[in-house]
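This report is written for a reader who is new to the structure shown below.

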Amino acid sequence: MAAPRFTGTPFIRAWNADDYGAAPVNWRVARHPRSGFIYIANNFGVLEFDGAAWRLISMPSEGPARTLTINNAGEIWVGGYDEVCVLQPNAKGEIIPIDALRNLPEKERTFGQLLHCLATPEGVYFASAIKLLLFRPDGTVKTWPLDLRINGMWWQQDRLHVSLGVDSLGQLTDTGIAILKKQPTAQDSESASAFRVLASRDQADGSTLLLTARGPYRWRGSGHPLEPISPSAAANFSGSSAITATFLADGRLAFGFLNEGLLFLDGEGNFISRLTRVHGLPSNRLEHIATDPEGGLWIAQRIGITRAQVDDGIVVHHTAQGLTGSPRSMHRLGSRLYIAHNEGGAWRDDATGQIHELTGLQSGLNTFLQVGDKLFATGTAIFEIMPDNSVQRRLSHVLTSLEALPSHPGFFIGGSTSGLWLFRFDGVNWHQVGKISTVPEGITSIYADEKGEVWCAPYSGRGAWRLRFGREPKPDVEAVFFGEAQGLPTVRRRDELRFCKLGGELLATTGQWVHRYDVATGRFLPMPITPGNTGPIAIATSSDGDMWWFLGSPEAQLARATVRDGKIELTRVAGGPITDLIANSIYYDDVTQSVWISGQGALVSVDLRWRASGTTPPLRAMVRRISTPTGETLYANSGLDPAPPLPPALDHRLNALRFSFAAPTQTIDYRGRTGTLYRTQLEGLDNDWTGWSTNHTREFTNLPYRNLVFHVQARELSGRVSADTSLEFTIQSPWWLSNYAVIGYAFTGALGFFGIVKLRTRALTRRAAELSVVINSRTEELATRNRELARLHKLEFSEKTAARLGEEKAQLEMLRYQLNPHFLYNALGSIRSLIHSRPDEADEMTTQLADFCRMTLTRGEGEGGTLATELRMISSYLDMERTRWRELLKTRIDAAPDTLTLRVPPFLLLPLVENAIKYGTRTSVETVEVVITVRRLDTSGVYLEVANTGRWVEPTGTRTPFSTGIGLDNLRERLQRYFPNAHEFAVNADAGWVRVSLKISSTENFKPMAEHA
């Protein structure tokens, strides 16, 4: 596999002085092979990073740490100014500096600033400008004076080798450094930059590969020439020299420069790519680099500390490469990848990775469409992307999607918020054929196949449309709607329905589900998916037919989709770092063999050729520190095995503790954020684990005095979960809660208890005799009082019952006094309107009112009545109204004979008839018709309807001169009183009629007030 080119930005995480609390000047960086912690020599000491938090370890003199190395025993050696120390854990487990110069004579301890160090089988070497020091495993120290300044050290053929001055190599002997003049090369001259060895690795052929300031060289040792590993490698160092270098696990060579960022070469010395500020580095100035086993490159810089995920197939492309706006879709034409975004459009240079804006656009683009060798885009119009990367408007029409009709060359179908449109392209110009009249809503996505069948997803999210074009595409093409009845569920908000074909099946997909179209039944049926059961939020198809899905919640990931045995099988390609990415679309790029993901605010590419170069170490969670509220450390874990034990028992005053924990993993997401989560449980206090959280500390107060076990687990971005790490400890009980104290308390209490019982027993015996006499007399007295209370309770119950009945009668009487004046007021109003214009009719209506009042006012609300009585009263009322309205009012009563004997409350229909006439005369154009219908329901139920011509007038809820507002409210209250949960009251208006209906499921429950009493 070819090594990836950093034409994008690898995932980068950067820290500055505010993050790690020290001056931002960093000299050397190294990773501990056992703990996984990162150590950085800094102007204020040594920085330690455990994956969760930074800690500063001061030098013995509190001076700067200039260089450091870690030997095979896991010891961390640090050199500063006239000092060397070893970082080792103390009895509590905290790493502290131990002075390593104690065995060196006082006169040898002045050597200035140490600039280089190297851990070897012989011991650890340090070099300053004037002295070379060797710290052996047995504790002895040997020194050598230097005539030339050492600028690099490496181990080769069981000896220390050094680079010195400008162009000399040396080999350490018992007596000192033997100078070896390196063999001249085509690049060598006295004016060339110093030849420094920055890193080395033994090769299988016995040679050593040296990464130098002038590039990679191969050397077989003394007597052999230095050879550049390739002619092209030296060309990358002609203008400047590297100051740091390292070997990457995938075989690449990484070189860091003072002001030019990072250079990557393959194992043969060929150029791969550069990583600079343009690609996302905080600065081009580097001091030192080191790798970690998770594919990361740690970079010590003057302004801070940076980690770049350089061994990964996923990179991000953003403003560092020139991208503006939020990308929506992509398309490759020739050697250029085009990007549509919300502010316009852009194209990407494959060689440099830089993104350049298309010219001539003033608004964003939505999608691309290639027709032959021409590229078009949709937006506020149909645009053509010209060879000079300018944009020309071809047809003014706002579209969100545009697809070709494979079955009809030259014809295209486009969707917009206003509907679906048919277009024709004649090779030069675009023509609008017309709007698809059979699809009445806006369309988001379109899928067209070779047989002339088109599937469209509407903006509403409800269902889909299928079109079948015949011999010639026409706007009036037949359209069939598929909804829930045909198996298509409603799409959730912010999701989108898409169609595709996979394994010969037509699939309808959303982020929640996938359904296949069953031709036999004409329905969509659920399609099983494994693993998981969620659908894609974006789809791309490669040239060889492979389909790529970007899955959303609960974990965003890119997967390859295939159909096997009637179900969809997903093979995960990428996840973890893109878990939180919200994708707008994805695109498969044949040229780079990558899948491009256009997300909200990010453009990410996934190199499908990439394979991990090594095995990622298992994820390990650890308890890093236990401390008191005052900051005193009780326990610390340096990550070096074995971890120190806790004290057998903690004092009872230490029942408030702070636990710090970490997992030395460095994976980050596309935004440069770590995704490591932790959960904990304190066995003996917690019933279950806490939820997953980024918190790497937990505090407890008022801990119980008992044995406790603290558990912690970690989970990183890719979903790996660490084993359960536990730490057992005991909080000792105070002396007054000890077992001996409890036994003493029990013994003393028992003696006191028996003494008190004995004295109390004597007193109780004497008191019992006295109480016996009192109890006998009080028993008779209580029996007499109980009989009296029973009599009074019975009397009180009867009085309360009578009071409730009286209250019911009073409420019903109040309704009656509200009701009768209501009708009288309306009738008098009608007489008043006739008295001047038609006095004879007014006189007749007065007589009818008198008869009506005699009929109604002599009946009380508490009296029973039949429908026959109620209808006679209604007839009398209608006589009065016909006198007033004459030929403008037509009435009819249609009552089934078997309903006339049913008992109902009085004045049941009168408010409805009154409203029908009042509002019917206001809203009808000419004659008002009022029809009263009465029908039987089952054995004792009845259906009543009052209908009038006109239109419905919504009640305002306020009284007016034309309405007291009592009638309908009074009627609803009476219905609820007499027929609770046994009636339905409804108003419907259609075809020029207003119908007020009342269904009473049973009239047998109605009882007049007289019967209640």
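The protein has 69 strands and 8 helices. Its radius of gyration is 46 Å, whereas the globule rule gives 31 Å for 1013 residues, so the protein is more spread out than a compact globule. The C-alpha trace spans about 145 × 120 × 55 Å along the principal axes. Of the 1013 residues, 50% count as buried. The model is a predicted one, and every value in this report was computed from it.

**The second largest pocket**

The second largest pocket holds about 1500 Å³ of space. It is lined by 45 residues, and those closest to its centre are C117, L118, L198, A199 and H288. Which elements give two or more residues to this lining? They are strand 2 (26-31), strand 6 (67-70), strand 10 (116-120), strand 14 (150-156), strand 18 (197-202), strand 22 (242-247) and strand 26 (288-291). Strand 14 supplies the largest share of the lining, with 6 residues. Sorted by class, the lining has 24 nonpolar, 13 polar and 8 charged residues.

Strand 6, one of the elements in that lining, also holds T69. Is T69 buried or exposed? T69 has a relative accessibility of 13%, so it counts as buried, the cut-off being under 20%. T69 and F126 are separated by 57 residues in sequence, and their C-alpha atoms are 9.7 Å apart in space.

**Rings and charges**

The structure contains 35 aromatic pairs. Ring pairs join F659, F661, Y678, F700, F710 and F729 into a cluster. Y678 counts as buried, at 4% relative accessibility. Its C-alpha atom is 46 Å from that of G744, which is 66 residues away along the chain.

R679 is also found in strand 61. With a relative accessible area of 22%, R679 is partly exposed. What lies under the charged end of R679? The charged end sits over the ring of W689, at 4.6 Å from the centre of that ring. R679 and Q713 are 34 residues apart in sequence, while their C-alpha atoms are 5.5 Å apart in space. Another arginine, R715, lies over the face of W692, 4.8 Å from the ring centre.

| Residues | Apart in sequence | C-alpha to C-alpha |
|---|---|---|
| T69 and F126 | 57 residues | 9.7 Å |
| L399 and A377 | 22 residues | 9.4 Å |
| Y678 and G744 | 66 residues | 46 Å |
| R679 and Q713 | 34 residues | 5.5 Å |

**Backbone angles and loops**

Most residues other than glycine have a negative phi, and most peptide bonds are trans. Some places in this model depart from that pattern.

E62 has a phi near 60 degrees, a positive value in a residue other than glycine. The loop that holds E62 runs between strand 5 (54-57) and strand 6. E62 is exposed, and its relative accessible area is 65%.

D158 is not a glycine either, yet has a positive phi of about 60 degrees. D158 lies in the loop between strand 14 and strand 15 (159-164). Its relative accessible area is 62%, so D158 is exposed, the cut-off being over 50%.

Where is the cis peptide bond that involves P531? The bond runs from T530 to P531, and its omega is near -5 degrees. P531 is in the loop between strand 50 (529-530) and strand 51 (536-541).

L399 is another loop residue, placed between strand 37 (391-395) and strand 38 (401-404). Is L399 buried or exposed? L399 has a relative accessible area of 0%, so it is buried. L399 and A377 are 22 residues apart in sequence, with 9.4 Å between their C-alpha atoms.

Terms used:
Residues numbered from 1 in each chain as written. Predicted model: local features only at pLDDT ≥ 70, side-chain atom pairs only at ≥ 80, totals over all residues. Heavy atoms only, no water. Phe/Tyr/Trp six-rings, centres within 6.5 Å; stacked < 30°, edge-to-face > 60°. Lys NZ or Arg CZ within 6 Å of the ring centre and 35° of its normal. 1 Å grid on protein atoms, 1.4 Å probe; cavity = no way out; pocket = protein on both sides within 12 Å on 5 of 7 lines; lining within 4 Å. Points joined across faces, edges and corners; volume = space filled by probe spheres on them. Helix = DSSP H or I, 4+ residues; strand = E, 2+ residues; numbered from the N terminus. Nonpolar A, V, L, I, M, F, W, Y, C, P; charged D, E, K, R; others polar. Rg over C-alpha atoms; globule rule 2.2 N^0.38 Å. Buried < 20%, exposed > 50% of the residue type's maximum accessible area, 1.4 Å probe, protein only.
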